Amino acid sequence: MLSYYQLKSDIADLLKRAELDDKGFSLVPGPINNEGYYYEVLGNIYIYAYSERGHRTVICKTEDINEFYYSILKDIVKNYAINYEVKNRIINQDTRRIWMKKALEWMNDIDVEFYKKMDNEFSEILKLHPFKDQK
C-alpha cells in the first residue's frame with residue numbers, strides 16, 4: 001500500500017504531464033467532516049470520496065491503483081477543462097464541445113489508457129445527450 005504522501009505525489013506527477021497541478025482542486029487525506037474531496041487507504045483498499053454537510057459520497061472504492069488515480073484525475077481534469085471553456089466560450093455552441101475536447105487532450109497527455117476510458121465515457125454521454133448548439 002502506498003502512503004498518503006506517495007499518493008498525493010503520484011497524482012501531482014501525473015498532472016505535470018499535462019502541465020496541470022492540483023492547486024485548484026482541494027484533495028486531502030481523509031476521512032474529513034468538512035466539505036470537500038478526500039482519499040483514504042484502508043488495508044489494500046483505496047477510497048476517493050466527497051463529504052458535504054456531514055454526508056459522505058464514495059466516488060471510487062477499489063484495490064486497483066490505476067482505477068483510483070483515474071477517478072481523481074478525471075475530476076481534476078474536468079474541473080480545469082470547464083474553467084478553460086468559460087474563458088474560451090463560443091456563443092451559441094454547446095459548452096461541452098470545448099471542455100470535453102480539452103479534457104481529452106489533457107488526459108491523453110497524462111495517460112493514454114485514461115484518455116481511452118474518458119473518451120468512452122464521453123461517447124456514452126453524447127449518445128444519450130447529443131450536443132445541442134443554439135441557432
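Biologist: How many salt bridges does the structure hold?

Modeller: Side chains of opposite charge can pair when their charged atoms come close. The structure holds 9 salt bridges, a salt bridge being a side-chain nitrogen of Lys or Arg within 4 Å of a carboxyl oxygen of Asp or Glu. Please keep in mind that this is a predicted model, in which local features need pLDDT of at least 70 and side-chain atom pairs count only at pLDDT 80 or more, while totals for chains, interfaces and linings use all residues. Residues are numbered from 1 along each chain as its sequence is written, and side-chain values use heavy atoms, with hydrogens and water left out.

Biologist: Which strands hold Glu40 and Arg56?

Modeller: Glu40 lies in strand E2 and Arg56 in strand E4, 16 residues apart, so that the pair links distant parts of the chain; strands (E, at least two residues) and helices (H or I, at least four) are DSSP runs numbered from the N terminus. Their side chains meet in a salt bridge at 3.1 Å, N to O. Glu40, at 5% relative accessibility, counts as buried, which means under 20% relative accessible area, with exposed being over 50% and partly exposed in between (1.4 Å probe, protein chains only). Arg56 is partly exposed at 41%.

Biologist: In what order do the strands form the sheet?

Modeller: In a regular strand the side chains alternate between the two faces of the sheet. Here 4 strands form an open sheet in the order E1-E2-E3-E4, with mixed pairing, where two strands pair if DSSP finds at least two bridges between them. Strands E1 (27–29) and E4 (55–62) stand at the edges with a single partner strand each, so one side of each is left without a neighbour in the sheet.

Biologist: Which pairs of strands run parallel, and which antiparallel?

Modeller: E1 and E2 run parallel, joined by 3 bridges, and in this pair Val28 has Tyr38 of E2 as its bridge partner. E2 and E3 pair in the antiparallel sense over 7 bridges, with Tyr38 standing opposite Ala49 in E3. E3 (residues 45–52) and E4 run antiparallel, also joined by 7 bridges, and Ser51 has Arg56 in E4 as its bridge partner.
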